[in-house]
Amino acid sequence: MPAGRASAHGTLGRFGAAKRYARGWRELEQGELSFASLIGVTILDATHLFAAALGAEPERLHFAAHSHHLWPNATKDAQERAWRDAAELADEKWDRIFGEVYPASQAHIARILGLPNPGRVAFSANTHDLLVRLMSALPAWEGKRPIKVLSTDAEFHSFSRQLRRFRESGRVEWEAVAAEPFETFPERFRAAAEAGSYDLVFASHVFFSSGYVFDEVFEILASLPDSATCVVDGYHGFCALETDMGPYADRLYYMSGGYKYAMSGEGVCFLVAPPGRELRPEITGWFAGFDSLTEAQTELVGYDRGAARFMGATFEPTPMYRFNAVCDALTAEKITVASIHAHCEALQDRFLDHVGAGSAGDLHLDQLTPGRDTSADRRRRGHFLTFRREDAQEQQKHYAEARIITDARGDRLRFGFGLYHTAQDVDRLAERLSGLPDR
Ligand SMILES: Cc1ncc(COP(=O)(O)O)c(C=O)c1O
């Protein structure tokens, strides 16, 4: 079946769907099952787009799509195109890169996030680079007093490790709002942000440690006084959750990258910068001042307009070729972020039904963080399921030996669902988990 078409039966077929109907109405009424899982919906079958990665090891059950997302076939051609451009055009390849490839990546990001202007997007190899350059532009960076920072306590290591080090050296004063209990988190974060006067307020859209979706982050950050530089870490949201930055694009910074749900691999991270703030990063590379490169270098360092002021220096362009190729392939197949999300939710529901029924090894619903919510209108989960258990690290290794690929962060075992999975894969996963020998 071509991707992008709805399938009422998933890969289980009519018979499987009918059986699920028969046993499921009671669970549905009691909120133990979701409607999508009851009818066995797998909205998309896009496996043909991933034939090379899936075919590399057919027995592997790769459920770490939230980390290393499998690469679509389109990335291979893109990789070769980057090589050909370098071989054939030599130095002149940069004309193509800055004339076509780079603007195409900016335009895709602007389209996906609803930005008014692609010029608001700057790139770097990773988000850590962008964070450091952005922080070096804050007025308090000059060191007369510590930079006042507010974040959640669920920020990824690129932020939290750096902030811990900055705290050691006295560069920052940092408060972190506890993510849990989730039920009260948004209001606790709002109250903390409104109570203090911060130089930097930084929060993830989707928490890497749980998959919890901080829906309100855009609205809360955008309502803070202009003196606060406000940044959303969108790495677990970009290309996973439909995100309209339009109403916030004049106020907020947003960073993300290609490694996860954008399916493009390493090296294509980006910062969306609002206009008019005219920040001057102290950590700056020559790609941030291209426009003035041929002019005499004056005492005062000049910056390009728009987000380009956050650029570093010479970068590897191949990841942008891959990112553009993925975006083009999805567009050609009429696959949207919304349809990928619906697909992943249906797969997660199916897996959680197995877990709830005790047919997914020793995983249990009471390990799930945040807990299961089957209501149709209110969902706060990204594209991975987090099971909190003391043996998460050992269990992840145990799974890997059986070629079930997941990952573990501290005491959290994460299962990531993606476009390349089908309902049948989820059933195979549950079956294999159930058949595992004891550790
Ligand atoms: C929330 C979040 N932000 C950022 C990153 C990546 O950071 P970096 O690009 O600095 O390696 C990750 C990676 O897993 C993440 O989960």
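The expected span of a helix is 1.5 Å times one less than its number of residues. Helices (H or I, at least four residues) and strands (E, at least two) are DSSP runs, numbered from the N terminus. The structure shown is a predicted model, in which local features need pLDDT of at least 70, side-chain atom pairs count only at pLDDT 80 or more, and totals for chains, interfaces and linings use all residues. Residues are numbered from 1 along each chain as its sequence is written.

**View 1**
Helix α10 covers residues 318-332; at 1.5 Å a residue, its 15 residues should span 21 Å, and the end C-alpha atoms are 21 Å apart, which agrees. A residue is buried if 20 or more other C-beta atoms lie within 10 Å of its own, exposed if 12 or fewer, and partly exposed in between, with C-beta atoms placed from the backbone. Of the 15 residues of α10, 12 are buried, so the helix is largely enclosed by the rest of the structure. Among them are M320, Y321, F323, V326 and L330. The buried residues of α10 pack against α4 (74-89) and α5 (93-113), where contact requires C-beta atoms, placed from the backbone, to lie within 7 Å. Just after the helix, K334 adopts a positive phi of about 60°.

**View 2**
Two strands pair if DSSP finds at least two bridges between them. An open sheet of 7 strands runs in the order β2-β8-β7-β6-β5-β3-β4, and its pairing is mixed. Strands β2 (121-124) and β4 (172-177) stand at the edges with a single partner strand each, so one side of each is left without a neighbour in the sheet. On average, neighbouring strands of this sheet are turned by 20° against each other, direction ignored; axes are lines fitted to C-alpha atoms, for helices over the stretch in contact, and angles run from 0 to 180 degrees between N-to-C directions. Helix α7 (residues 157-168) packs on the sheet, where it touches β3 (147-152), β4, β5 (200-204) and β6 (229-233), and its direction makes about 140° with that of β4.

Strands β5 and β6 run parallel and are joined by 5 bridges, with T229 in β6 as the bridge partner of L200.

**View 1. Strands β7 and β8 with their connecting loop.**
Strand β7 (residues 253-257) pairs with strand β8 (residues 269-272) in the antiparallel sense over 4 bridges. Within this pairing, S256 stands opposite F270 in β8. M263 is found in the loop between β7 and β8; this residue has a positive phi of about 60° although it is not a glycine. M263 counts as buried because it has 30 C-beta neighbours inside 10 Å.

**View 2. The three-stranded sheet around β12.**
A further open sheet has 3 strands in the order β9-β12-β11, with antiparallel pairing. Its edge strands are β9 and β11, each of which pairs on one side only. The twist averages 30° from one strand to the next. Both faces of β12 are covered, with R412, R414 and G416 buried on one side and L413 and F415 buried on the other. Strand β9 (residues 384-388) pairs with β12 over 5 bridges, and T386 has R414 as its bridge partner in β12. Strand β11 (residues 407-409) is joined to β12 by 3 bridges; here D407 stands opposite R414, and R409 has R412 as its bridge partner. The hairpin of β11 and β12 has 2 residues between the strands, and G410 takes a positive phi near 60° in it.

**View 3. The residues around the ligand.**
The residues around the ligand are N126, T127, H128, F156, S158, S204, F208, D233, Y235, H236, G257 and C269, a residue being near a molecule if its C-beta atom, placed from the backbone, lies within 6 Å of it. This shell divides into 4 nonpolar, 7 polar and 1 charged; Ala, Val, Leu, Ile, Met, Phe, Trp, Tyr, Cys and Pro count as nonpolar, Asp, Glu, Lys and Arg as charged, and the others, Gly among them, as polar.

**View 4. Two cis peptide bonds.**
The peptide bond from E180 to P181 is cis, with omega near 0°, and P181 lies in the loop between β4 and α8 (185-195). The bond from T369 to P370 is cis, with omega near -10°; P370 is placed in the loop between α11 (337-356) and β9.

Definitions and conventions. Contact = placed C-beta atoms within 7 Å.
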